[in-house]
Amino acid sequence: MNVEDFTVEVRDGDLVRRGQLLPEDLSSALFVPTMNDVGVWNLTLPHLTIDDRGRASEHELCRILRTPGSGIVLTGPGGVHLSGPTESPHFVQSKQFPNGQWDILGVSDMHVIDDDVAYGDPATYDLNAQATANDTRSALAETLIRQYVNANIGPGAVSQRRIAKLTLASDSGRGPVRKKSPRFQPLLELAQEILVGTNLVMDVVQVGTLLELRFRQQADLTGPIRFDYENGQLERSEYSNSVPALTEIIVAGQEVGTARKMRRRSVSTPWGRRRVRFLDQRHTDDNAELDAAGDEALAEAAGEQTAFQIVPSLDLDLRLGVDYQLGDLVTVVIAGEEVPAPISSTPIKFGTQAVTVGATVGTPRGKTWEDLIDARQQGLARRLSNLERSM
């Protein structure tokens, strides 16, 4: 894709767009929108700019961008692909860069979901006056996520937790019915659990001077879009697969000892392994909720073991935001085998002449041994957190 296909604007702490970065400012910029998760971005800007008369002055947009609360808005075909705040400006000055330059790291606006938790009683700010231990709700997946976001950090939240600039797009009532009973569970983790097994793609992006939580349905493009190295549609592809971390889970509900309710959930795999774990869900005694928790854990553990990474051919006549979007289901040909998988991230790398759009297909975890260890450590941390919240 061409540099002209995208614009990168700098916003201030009030989400007011203050200016557009020039192509030379973006020569090494990288933006990584990520499906149902927090994306990241990175760009390098000079500390000073030199005008036609050789006079040096501070790079104004760089100055704004390294101010706490500022950020960027990346717009391309199809609309906003990523928006989000600066997290870490880093200054470097050396013989190679005598005027200095700033390496600026940031995240996507999905961070607002990741930054908070779902309270047992979101209507009460005083932790010592919480009327309910768990916030139990049941609704269609899209509606349920909206309810939890609205009650905890959205327009319906108490003033101390309300994010003033956060709005919710209209509810289309999509997805299967889900039931949840969170107690101080990370809000993004809760939303991701609700999204398991659906075709919904969730994001938070800047619209005007506000942030909007929005949903759309994943498009099934497995027929028209087939990424294949042999016919020139792929510049590069990688694939890895390993034994699932979990094939059977015992889900425990309320009560104690032999009176405690137990549910078993399992999946079959071609690996010939049976890997069993225990999941504590003592906050609920509802069979449907216990089964759903087990199914979500199985889906997550299986997904962490497989990963694709592809770079579509530069000659491929497909454009991000026009022919496909983040989260859409496509076909990738790996070693002669056709595999349907969602596009889970779309790294957008700027160069001096063109923009390279890559894709991570399937789960972004599991490509290396380090990735597997990191994924399992994160899973352990989540399980310990779940246990602590239920005590």
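## Thr86

The side chain of Thr86 lies 2.7 Å from the backbone oxygen of Leu65, a polar contact (N or O atoms within 3.5 Å; within protein, one able to donate a hydrogen and the other to accept it; residues adjacent in sequence count only if both atoms are side-chain atoms). The model is predicted, with local features needing pLDDT of at least 70 and side-chain atom pairs pLDDT 80 or more, while totals for chains, interfaces and linings use all residues. Residues are numbered from 1 along each chain as its sequence is written, and side-chain values use heavy atoms, without hydrogens and water.

Thr86 belongs to strand β8 (residues 79-92); strands are DSSP runs of E of at least two residues, helices of H or I of at least four, numbered from the N terminus. Its relative accessibility is 13%, so Thr86 counts as buried (under 20% relative accessible area, 1.4 Å probe, protein chains only). Beyond four places in sequence, Thr86 contacts Trp41, Leu65, Ser70, Gly71, Ile104, Leu105 and Gly106 (heavy atoms within 4.5 Å).

## Strand pairing

Strand β9 (residues 101-107) is antiparallel to strand β4 (residues 40-46), with seven bridges; pairing requires at least two DSSP bridges. Leu45 is opposite Trp102 of β9. Six bridges join β8 and β9, also antiparallel, and His90 is opposite Asp103 of β9.

## Helix pair

Helix α3 (residues 141-152) and helix α4 (residues 187-195) have axes that come within 9 Å and cross at roughly 170 degrees; axes are lines fitted to C-alpha atoms over the stretch in contact, with angles from 0 to 180 degrees between N-to-C directions. The two helices are therefore roughly antiparallel (over 145 degrees).

Notes: Buried < 20%, exposed > 50% of the residue type's maximum accessible area, 1.4 Å probe, protein only. Parallel < 35°, antiparallel > 145°, perpendicular 65-115°, else oblique.
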